[in-house]
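Subject: Handover of the structure

Hello,

I am passing this structure on to you. Please look through it first; my notes on what was found follow below.

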Amino acid sequence: MDFAKLKRRLYYWIHQIVNILLRLMWHLLHVTIHLCYFAINIANALESHLISKGLLRRYKSLHISKLQYLAIVIESEDCRTSNVIELLQWLADLGVKHVCLYDMEGILKKSKDFILEKFDGATLFQENDVLLDQPLMTLEFASFSDGKEAVAKAANVLFMKYLKSGSTSSYQGEQIFTESQMGEALKTVGGNGPEPDLLLVYGPARCHLGFPAWRIRYTEIQHMGPLKSMKYGSLIKAIYKFTMVQQNYGK
């Protein structure tokens, strides 16, 4: 009996010690990961500061001419007009001429008059505008509803086209809408704006937040973090990385 009781107590203490060691290992791993992220954030912040001060030579010369059209995607909850105007001023200082501002709920679109008034030196982008070098920056305002409405209108255009031509009877069970046809339909309804060369995402999500997919087939996408934590040096670095990338287009 004494031996069995001693054995149970021994198993109990071994179990307790193993649990303590596992918890210590878990907390140690957790602290290590946090320290790694902290070190990375410190390094990024330091690099951003050095870039903004012009102390890193390779970031001084930006081939900004490669960036014909820039899209800025912002989390709707993070849409502060003061930050947006400051970001636009940074872009203007860098020489960016054509910018699309997008958020899902259309907050920026509702504030476009205020933004255009406060940001001196910008005009509203029109769909027929040609992407040429010009003294004033052009701004396009877009939201999720624009893409949704454009697709619905384009689908209706295609349906009416095939309905009038009587093609529905001969193509039953077959796919009659192709990508090129949808692209032409989007142009017809005014939902086929310029394809951005670079798309910068400001927000917690690492995705394009519903930005029209047919406009970003060849677009470089970079996540920038929350808008409230935006840094001038990080913006320069993102544009620099884009200008150094060689894009290969398939046939």
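The model is a predicted one. By that naming, leucine 209 falls in the loop between strand 5 and strand 6. Leucine 209 has a positive phi of about 55 degrees, although it is not a glycine. Leucine 209 counts as buried because its relative accessibility is 12%, and the cut-off for buried is under 20%.

Six strands form an open sheet in the order 3-4-2-1-5-6, and the pairing is parallel. The edges are held by strand 3 (122-124) and strand 6, each of which has a single partner strand, so one side of each is left without a neighbour in the sheet. From one strand to the next the twist averages 25 degrees.

Strand 5 (residues 198-202) has a neighbour on each side. Five bridges connect strand 1 (residues 70-74) with strand 5, the two running parallel, and leucine 70 stands opposite leucine 198. Another five bridges connect strand 5 with strand 6 (residues 220-225), again in parallel; here leucine 199 has isoleucine 221 as its bridge partner.

How much of strand 5 is covered? Five of its five residues are buried. In a regular strand the side chains alternate between the two faces of the sheet. For strand 5, Leu198, Leu200 and Tyr202 are on one side, Leu199 and Val201 are on the other, and all of them are buried. Helix 7 (residues 232-244) lies across strand 5 and strand 6, and runs at about 165 degrees to strand 6.

The nonpolar cores

The largest nonpolar core has 37 residues, of which Ile72, Leu88, Leu91 and Tyr202 touch the most other members. At least two residues of this core come from each of strand 1, helix 2 (81-94), strand 2 (98-102), strand 4, strand 5 and helix 7. Helix 2 gives the most, with seven residues. Leucine 91 touches Leu70, Ile72, Val96, Val99, Met137, Leu235 and Ile239, leaving aside residues up to four places away in sequence. Another core, of twelve residues, lies apart from the largest one; Tyr69, Cys100, Phe125 and Leu199 are among its members.

Salt bridges

Side chains of opposite charge can pair when their charged atoms come close.

Glutamate 140 and arginine 215 meet through their side chains in a salt bridge, at 2.9 Å from N to O. Glutamate 140 lies in strand 4 (residues 137-142) and arginine 215 in the loop between strand 5 and strand 6, so this pair ties together parts that are 75 residues apart in sequence. Both glutamate 140 and arginine 215 are buried.

Glutamate 195 and arginine 217 form a salt bridge as well, at 2.4 Å from N to O. Glutamate 195 is in the loop between helix 6 (179-189) and strand 5, while arginine 217 is in the loop between strand 5 and strand 6, 22 residues apart. Glutamate 195 is partly exposed, at 28% relative accessibility, and arginine 217 is also partly exposed, at 47%.

In the pair of aspartate 78 and arginine 80, the closest N and O atoms are 2.7 Å apart. Aspartate 78 is buried, with a relative accessible area of 9%, whereas arginine 80 counts as partly exposed at 39%.

Aromatic pairs

The count of aromatic pairs comes to five. One of them joins tyrosine 59 and tyrosine 240: the ring centres are 4.7 Å apart and the planes stand at 65 degrees, so the pair is edge-to-face. Tyrosine 59 lies in the loop between helix 1 (2-52) and strand 1, and tyrosine 240 lies in helix 7, so the pair ties together parts that are 181 residues apart in sequence. Tyrosine 59 is buried at 7% relative accessibility, and tyrosine 240 is buried at 14%.

Regards

Technical notes:
Residues are numbered from 1 along each chain as its sequence is written. This is a predicted model: local features need pLDDT of at least 70, side-chain atom pairs count only at pLDDT 80 or more; totals for chains, interfaces and linings use all residues. Side-chain values use heavy atoms; hydrogens and water are left out. Buried means under 20% relative accessible area, exposed over 50%, partly exposed in between (1.4 Å probe, protein chains only). Helices (H or I, at least four residues) and strands (E, at least two) are DSSP runs, numbered from the N terminus. Two strands pair if DSSP finds at least two bridges between them. A salt bridge is a side-chain nitrogen of Lys or Arg within 4 Å of a carboxyl oxygen of Asp or Glu. Axes are lines fitted to C-alpha atoms, for helices over the stretch in contact, and angles run from 0 to 180 degrees between N-to-C directions. Contact means heavy atoms within 4.5 Å. A nonpolar core is a set of buried Ala, Val, Leu, Ile, Met, Phe, Trp, Tyr and Cys residues joined through side-chain atoms within 4.5 Å. Rings of Phe, Tyr and Trp (its six-membered ring) pair if their centres lie within 6.5 Å; planes under 30 degrees apart count as stacked, over 60 as edge-to-face and the rest as tilted.
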